[in-house]
Amino acid sequence: MSLFAFASEVLRRIGKDRAVVAEVKEASTLSMLIVDMENKENGSLDVKNSVENGRPPDPADWAVTDVVNYFRTAGFEEQANAFQEQEIDGKSLLLMTRNDVLTGLSLKLGPALKIYEYHVKPLQTQHLKNNSL
């Protein structure tokens, strides 16, 4: 079971607003996954993968499966499949425009807007910020 799948299962079972899954051992990997869900009216979730420097790993290095798992963990189980079908890896995700998400993935409008505004756009902004230092 992947780290993301494990965290998703824990969140499903706990059913609380905030959950911390620490020291998750998967094969030889020791990580800390912090899933911080704020009951926002817009339905967005803050999903953070904690690493030594306190920042999430660079999305530019994500494989297609990392992108899919990110969106599944963020609560977009059905929509995550579109990223798999279109073979969207981290570099592709960071290049996506609003129009790409709204029309190119064949998603329903509501989830597509949330995915772009609360996930794709912030990941792009954070990537640019981290790589311009």
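These legends go through a few views of a predicted model.

View 1. The chain has 6 helices and 3 strands, and reads α-β-β-β-α-α-α-α-α along the sequence. Helices here are DSSP runs of H or I with at least four residues, strands are E runs of at least two, and both are numbered from the N terminus. Of the 133 residues, 37% are buried (under 20% relative accessible area, with a 1.4 Å probe and protein chains only; exposed is over 50%, partly exposed in between).

**View 2. The loop around Asp 61.** Look between strand S3 (46–50) and helix H2 (64–73) to find Asp 61. Its relative accessible area is 62%, so Asp 61 counts as exposed. The C-alpha atoms of Asp 61 and Gly 90 sit 5.9 Å apart, although 29 residues separate them along the chain.

**View 3. The largest nonpolar core.** This core holds 25 residues, and Phe 71, Phe 83 and Leu 93 have the most contacts inside it. H2, helix H3 (77–85), helix H4 (90–95), helix H5 (98–104) and helix H6 (109–131) each give two or more residues to it. A nonpolar core is a set of buried Ala, Val, Leu, Ile, Met, Phe, Trp, Tyr and Cys residues joined through side-chain atoms within 4.5 Å.

**View 4. Zooming in on Leu 93.** Leaving out residues up to four places away in sequence, Leu 93 touches Trp 62, Val 67, Phe 71, Phe 83, Ile 88, Val 120, Leu 123 and Gln 124 (contact means heavy atoms within 4.5 Å).

**Notes.** Residues are numbered from 1 along each chain as its sequence is written, and side-chain values use heavy atoms, leaving out hydrogens and water. Local features need pLDDT of at least 70, side-chain atom pairs count only at pLDDT 80 or more, and totals for chains, interfaces and linings use all residues.
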